[in-house]
Amino acid sequence: MRSFEALIKDIDKNRTIANTDIADSDPRTYTTRLGKKKRAKQNLDDLYLEYREQVKNRAVFILTKGAKADSFIEVATGE
C-alpha cells in the first residue's frame with residue numbers, strides 16, 4: 001500500500017490529465033491524448049477507492065450521548 005501523500009499526488013496528477021481539454025490539440029496526437037485522458041479517468045476510479053479505504057482506516061468516529069454529550073462536543077471541536 002502506498003503512502004497517503006503519494007496517493008494524493010497520484011490523484012492530483014491523474015485529475016489534471018483527465019480534465020485536460022484536448023479538443024484543440026494537434027490532430028496527429030489527438031488519439032494518443034484521448035487514450036491518455038481515458039486511462040487517467042479509469043485510474044481515478046481506482047485511486048478514489050483506495051483513498052476511501054485509507055481514510056476509513058485512519059478515521060475515528062465518536063458517538064456521544066447523555067447529559068455530558070454537549071460539553072464533550074464543545075471540548076472536542078475546540079482548539
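What share of the 79 residues of the chain counts as buried? Here are a few notes to get you started.

1. To take that question head on: 16% of the chain's 79 residues count as buried. Keep in mind while browsing that this is a predicted model.

2. The fold is quick to describe. You'll find three helices and zero strands, and reading along the sequence gives you α-α-α. With a radius of gyration of 21 Å, well over the 12 Å that the globule rule gives for 79 residues, the chain is more spread out than a compact globule.

3. If you'd like box dimensions, the C-alpha atoms fill roughly 70 × 25 × 20 Å along the principal axes. As for contacts, take those between residues at least 6 apart in sequence: 63% of them join residues at least 24 apart.

4. Now the surface. The accessible area of the chain comes to about 6,900 Å², and carbon and sulfur atoms account for 53% of that.

5. Is glutamine 54 buried or exposed? Its relative accessibility is 3%, and buried means under 20%, so glutamine 54 counts as buried.

6. What does glutamine 54 touch, leaving aside residues up to four places away in sequence? The list runs Met1, Arg2, Ser3, Phe4 and Leu7.

Conventions. Residues numbered from 1 in each chain as written. Predicted model: local features only at pLDDT ≥ 70, side-chain atom pairs only at ≥ 80, totals over all residues. Heavy atoms only, no water. Helix = DSSP H or I, 4+ residues; strand = E, 2+ residues; numbered from the N terminus. Rg over C-alpha atoms; globule rule 2.2 N^0.38 Å. Buried < 20%, exposed > 50% of the residue type's maximum accessible area, 1.4 Å probe, protein only. Contact = heavy atoms within 4.5 Å. Areas by Shrake-Rupley, 256 points an atom, 1.4 Å probe, with all protein chains shown as cover.
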